[in-house]
Amino acid sequence: MSTGRFITVEGIDGAGKSSHLEYLASAIRARGAGVVVTREPGGTPLGEKLRAMALNDPMEGTTEALVMFAARREHLVRVIEPALGRGDWVLSDRFSDATYAYQCGGRGLPASVFETLERLVHPDRQPDATFLFDLDPATAYERQRAQSRDPDRFEREAAEFFRRVRDAYLDRARSSGGRIHVIDASGTLDTVRDRLARAFAKAFA
């Protein structure tokens, strides 16, 4: 494959999106392409430091968005753009749709601020396809409770926060021109994976 593609997965905490990354990577390799699997915030040494801050240190909403976009700029320059330039596919666990959902939807960041940062950080780059794992926040919460680890400060947010995040994700999907493919994340892992497989085949027919 001579042309790289940029794919992202999105969803509220507990929707199960990360469980499907290796499946997507395998599906890409089956097409004969190299694949770089990465995540946001993070993906670079600096980005991982910023990730630790974002997930654990209390901060004001605009500061939070700035931290996310700072990590994203490094990610783009150091990882995403070089990989795409080589012809690899990039598969990222979250990108700017997450900032729109969590910081605009969840925190109330004005959309105009988000749009300004987006134009500054990646004016000419959007994912070729995004798979949004959509799940009722109550179900997502129960899934999280079943995990034996300490939740980060986002995962500790109240149910109303995640309802706002979910609504913002779905609003973003409706205005994406078909870039964002909404996957019903309820049901068993195999059921969700089957839905994802159909969406992937449709996106890259």
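The model is predicted: local features need pLDDT of at least 70, side-chain atom pairs count only at pLDDT 80 or more, and totals for chains, interfaces and linings use all residues. Residues are numbered from 1 along each chain as its sequence is written, and side-chain values use heavy atoms, with hydrogens and water left out.

Start with the sheet. Five strands form an open sheet with parallel pairing, in the order β2-β3-β1-β4-β5. Helices (H or I, at least four residues) and strands (E, at least two) are DSSP runs, numbered from the N terminus. Two strands pair if DSSP finds at least two bridges between them. Strands of a sheet pair through backbone hydrogen bonds, either parallel or antiparallel. The edges here are β2 (35–39) and β5 (180–184), each of which pairs on one side only. On average, neighbouring strands are turned by 20° against each other, direction ignored. Such angles use axes, which are lines fitted to C-alpha atoms (for helices over the stretch in contact), and they run from 0 to 180 degrees between N-to-C directions.

Now look at strand β1. Five bridges join β1 (residues 6–11) to β4 (residues 129–134), and the two run parallel. Ile7 has Ala129 as its bridge partner in β4. Thr8 stands opposite Thr130 in β4. β1 also pairs with β3 (residues 89–93), again in the parallel sense, over four bridges. There, the bridge partner of Phe6 is Val90 in β3.

β1 is mostly covered, with six of its six residues buried. Buried means under 20% relative accessible area, exposed means over 50%, and partly exposed lies in between (1.4 Å probe, protein chains only). In a regular strand the side chains alternate between the two faces of the sheet. In β1, Phe6, Thr8 and Glu10 point one way, while Ile7, Val9 and Gly11 point the other way.

Contact means heavy atoms within 4.5 Å.

α3 (residues 61–86) and α4 pack at an angle of about 175°, with their axes 11 Å apart. The two helices are therefore roughly antiparallel to each other. For these labels, angles under 35 degrees count as roughly parallel, over 145 as roughly antiparallel, 65 to 115 as roughly perpendicular and the rest as oblique. On the α3 side, Gly61, Glu64, Ala65, Met68, Phe69 and Arg72 meet Ser96, Thr99 and Gln103 in α4.

Turn to the aromatic rings. Rings of Phe, Tyr and Trp (its six-membered ring) pair if their centres lie within 6.5 Å; planes under 30 degrees apart count as stacked, over 60 as edge-to-face and the rest as tilted. By this rule there are 11 aromatic pairs. Tyr102 and Phe154 have ring centres 5.8 Å apart and planes at 80°, so this pair is edge-to-face. The pair links distant parts of the chain: Tyr102 is in α4 (residues 96–106), and Phe154 is in the loop between α6 (137–145) and α7 (159–174), 52 residues apart. Both residues are buried.

Tyr102 also pairs edge-to-face with Phe162, at 6.5 Å centre to centre and 85° between the planes. Because Tyr102 lies in α4 and Phe162 in α7, this pair ties together parts that are 60 residues apart in sequence. Phe162 is buried, with a relative accessible area of 6%. Ring pairs link Tyr102, Phe154, Phe161, Phe162 and Tyr169 into a cluster.

Pro41 lies in the loop between β2 and α2 (45–56). The peptide bond from Glu40 to Pro41 is cis, with omega near -15°. Arg94 lies in the loop between β3 and α4. Its phi is near 85°, a positive value in a residue other than glycine. Ser186 is in the loop between β5 and α8 (189–203). At 30% relative accessibility, Ser186 counts as partly exposed. Its C-alpha atom is separated by 6.1 Å from that of Leu135, 51 residues apart along the chain.
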